[in-house]
Amino acid sequence: MTSTSNIQSVQSESAVYAPSSHFAKAMPSLHVPDMATYEKLHTQALNNPENFWGDIAKEFHWYKPWNTVLEWNCPDAKWFSGGTTNACFNAVDRLVANGQGDDVAILWEGEPAGDNGDTPEIRKITYKELQNEVSRVANTLKRMGVRKGDVVTLYMGMVPELAFAVLACARIGAPHSVIFGGFAASAIVDRVHDAKSKVIVTCDGAWRRGSIVPLKENVDKACEQLPEVKNIVVLKRVGNSINMKSGRDQWWHDAVAKETTSCACEEMEAEELLFLLYTSGSTGKPKGIRHTTGGYMIYTAHTAKLTFNLLPRAGQIFWCTADIGWITGHSYVIYGILANGVTTFMYEGAPNAPKEDRFWRIVQRHKITHFHTAPTAIRAFMKWGDALPAAHDLSSVKLLGSVGEPINPEAWMWYREKIGGDCCPIMDTFWQTESGGHLITPLPGCTPMKPGSCTLPFPGVDAAIVDEQGNELPANSGGLLVIRKPWPGMLRGIHGDRERYIETYWGKIPGMYLAGDGARRDGDGFFWIMGRIDDVLNVSGHRLGTAEVESSLVGSKLVVEAAVVGMPHEIKGTGIAAFCVPHPDYAHAADDALRQKLMLHVTNDIGAIARPDMIRFTTGLPKTRSGKIMRRLLRDVAAGKETTQDVTTLEDFNVLAKLRESDE
Ligand code: WTA
């Protein structure tokens with residue numbers, strides 16, 4: 001073990017951790033063993049992306065080779081044009097063909113367990129079994145009339161069948177649209193409608209901290225507004241009583257069991273749609289991010305391989321705690337990990353079910369080697385106390401991952417010391433739904449680490465900090481994070497909205513991809529993410545648009561106007577603060593009861609993750625003379641700070657004074 005003597009200062013950004021020699025010793029080999037190799041790869045990839053990515057793509061299975069590696073006509077990228085392949089084949093069948101059929105592909109643990117969190121249900125699915133199960137589901141979908149190009153919606157808990165369904169869709173060329181099980185009915189309506197999806201796969205319910213999330217009931221509620229949905233397949237998981245509509249609904253165990261285990265993979269053009277994943281933007285409804293087959297597959301597999309130093313048949317058990325409903329679950333629970341022939345571990349439920357040490361029990365029980373989670377979870381673990389991880393044997397862990405939001409140095413230090421035995425490298429991976437895979441991240445055993453910095457671009461990613469005109473800024477100046485060259489995993493558009501695609505990502509600084517984050521580079525070229533520059537909130541590492549929460553609040557009819565901003569939150573990173581003007585009928589009783597009603601409304605409408613942490617009632621919102629809500633000012637109020645804002649354009653100064661007066 002290394003000691004803490006290599007920390008220069010935890011508080012200051014100059015704290016540097018040498019790349020872990022402990023990690024290097026624990027691995028049979030390192031894909032990128034040192035910084036000189038990293039520099040060489042990065043330069044090669046930037047100078048000649050065609051050769052670089054072409055060589056990587058050759059490691060995968062193609063029915064037909066590509067004609068050109070990259071056709072770039074900003075903002076449209078085509079990767080591996082002319083080539084045909086299948087993402088399911090590459091994540092499953094290829095491994096079976098390579099002799100990994102009996103290796104465990106998915107290791108799963110259910111939430112319900114004894115009083116101590118012991119004796120849970122455990123399932124092990126080998127690559128061969130995965131191939132069989134996926135084929136059965138694929139045949140079920142085909143029998144229901146699903147054809148190549150038809151979008152299938154998946155709204156399930158974290159059960160192996162969700163992974164089967166994802167891969168089954170990929171197998172037959174039906175793009176999947178996974179909806180996070182924590183979202184409520186209205187989120188399903190918007191997404192199913194936008195994707196024109198006619199088939200939904202769901203569960204009767206999902207386990208979450210000992211209670212049941214009524215998934216099928218939510219689907220039924222959504223379907224009242226979705227006459228276009230023709231088929232619903234329901235996996236029985238929790239045994240709650242649900243309605244089954246005859247002619248539309250069928251049980252998984254009836255429909256899937258009778259299918260055969262043979263189903264050929266559909267030959268897909270590299271640029272054909274693999275999936276849609278809806279994510280929040282700064283305005284309006286969530287946007288359907290389009291990811292295509294060849295580029296996404298290569299990019300997730302390659303980033304997973306390098307960032308986590310994945311090696312097949314080396315006893316690695318990779319646990320990424322993200323839900324499959326988010327991009328992290330798509331890329332680093334399913335595609336990227338399986339494609340490397342490594343066991344992916346899935347856990348069904350909450351970290352504190354039945355007690356707050358559940359994760360550490362799991363790590364010990366399954367000898368997890370790679371543990372990957374979000375800073376918000378780490379902050380919760382810190383609060384729950386050091387004694388919990390200390391009581392378990394975590395020595396199997398060789399690498400830690402962090403994703404979804406900036407990690408504060410205190411959390412980084414705690415993570416390294418208490419979970420990583422003071423020696424594991426921490427991969428702070430910066431990326432987005434739109435990027436498909438990692439953009440900026442250390443590589444283990446290679447990149448020096450600074451707590452709170454996501455360090456350096458992944459080889460081939462041309463990340464830079466620029467001003468609003470696109471000029472690169474000198475070291476330590478805050479600016480806009482852009483990517484100046486295409487990469488294989490990049491989004492190919494927003495479903496059904498080309499204008500929004502161009503305008504959001506490429507229009508502001510022509511020729512460059514605008515990530516939507518503010519950041520700076522330090523003197524060593526390391527990146528420090530400062531947070532979103534748009535009206536996207538990052539609550540517990542989950543993306544939410546302020547506009548979505550505002551429209552839900554106003555939709556309650558209890559308030560006439562609402563403005564939502566982020567505020568600092570000890571555990572969640574960012575909490576949700578809502579400033580509301582009550583409807584005249586309720587103005588006299590703008591009290592705690594109304595606050596509770598609003599919170600419940602948002603929970604039922606969008607989901608618990610969107611529930612405001614603070615609601616303040618006000619008679620008016622601070623606006624500029626042209627009627628724009630002054631959000632930055634509200635952010636200061638929510639944070640309890642004196643504003644540094646120029647308020648000369650504020651229409652009514654009294655509003656500001658009143659906002660400060662109104663208590664929570
Ligand atoms: C934020 C999640 C700092 C960022 C993979 C980004 C991060 C948004 C990090 C994307 C990180 C993600 N450090 N910030 N390591 N990772 N973010 O689409 O603001 O759910 O733009 O993808 O999360 O969130 P999304």
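Start at the ligand: of the 17 residues around it, the ones that come nearest are Asp 428, Thr 429, Thr 433, Asp 517 and Arg 532. "Around" here has a cut-off, namely a heavy atom of the residue within 4 Å of the molecule. Before going further, note that this is a predicted model, where local features need pLDDT of at least 70, side-chain atom pairs count only at pLDDT 80 or more, and totals for chains, interfaces and linings use all residues. Residues are numbered from 1 along each chain as its sequence is written, and side-chain values use heavy atoms, with hydrogens and water left out.

Now for the polar contacts, meaning pairs of N or O atoms within 3.5 Å; within protein, one atom must be able to donate a hydrogen and the other to accept it, and residues adjacent in sequence count only if both atoms are side-chain atoms. The side chain of Asp 428 puts an N or O atom 2.7 Å from a nitrogen atom of the ligand. Glu 405 uses its backbone instead, with an N or O atom 3.4 Å from a ligand nitrogen. On the oxygen side, a polar side-chain atom of Asn 538 sits 3.1 Å from an oxygen atom of the ligand. Taken alone the ligand exposes 520 Å², and the protein buries 96% of that; these areas come from the Shrake-Rupley method with a 1.4 Å probe, and for residues only the protein chains shown count as cover.

Which elements give two or more residues to the shell around the ligand? They are α11 (327-338), β20 and β25 (527-532). Those labels are DSSP runs numbered from the N terminus: helices are H or I with at least four residues, strands are E with at least two. Sorted by class, the shell has six nonpolar, six polar and five charged residues. The classes work like this: Ala, Val, Leu, Ile, Met, Phe, Trp, Tyr, Cys and Pro are nonpolar, Asp, Glu, Lys and Arg are charged, and the others, Gly among them, are polar.

Next, Gln 432, which is found in the loop between β20 (426-429) and β21 (463-466). Is Gln 432 buried or exposed? Its relative accessible area is 5%, so it is buried, given that buried means under 20%, exposed over 50% and partly exposed in between (1.4 Å probe, protein chains only). Setting aside neighbours within four places in sequence, Gln 432 has contacts (heavy atoms within 4.5 Å) with Ile 327, Leu 439, Tyr 513, Ala 515, Asp 517, Arg 532 and Arg 543. Two of these names, Asp 517 and Arg 532, are also on the list of residues that come nearest the ligand.

Ala 77 lies in strand β2 (residues 76-81) and counts as buried at 6% relative accessibility. Its C-alpha atom is 7.1 Å from that of Arg 492, 415 residues away along the chain, and Arg 492 is among its contacts beyond four places in sequence, as are Trp 72 and Met 490. Gly 110, in the loop between β4 (104-109) and β5 (122-126), is buried at 0%. Gly 110 and Gly 349 are 239 residues apart in sequence and 6.9 Å apart in space, C-alpha to C-alpha.

Seven of the nine residues of α12 are buried, so the helix is largely enclosed by the rest of the structure. Arg 358, Trp 360 and His 366 are among those buried residues. After α12 comes Lys 367, with a positive phi near 50 degrees.

Helix α8 (residues 215-223) is largely enclosed too, because seven of its nine residues are buried, including Lys 216, Asp 220 and Cys 223.

That leaves the cysteines. Counting a disulfide as a pair of cysteine sulfur atoms within 2.5 Å, the total is zero. For Cys 223, the nearest cysteine sulfur is that of Cys 203, 15 Å away.
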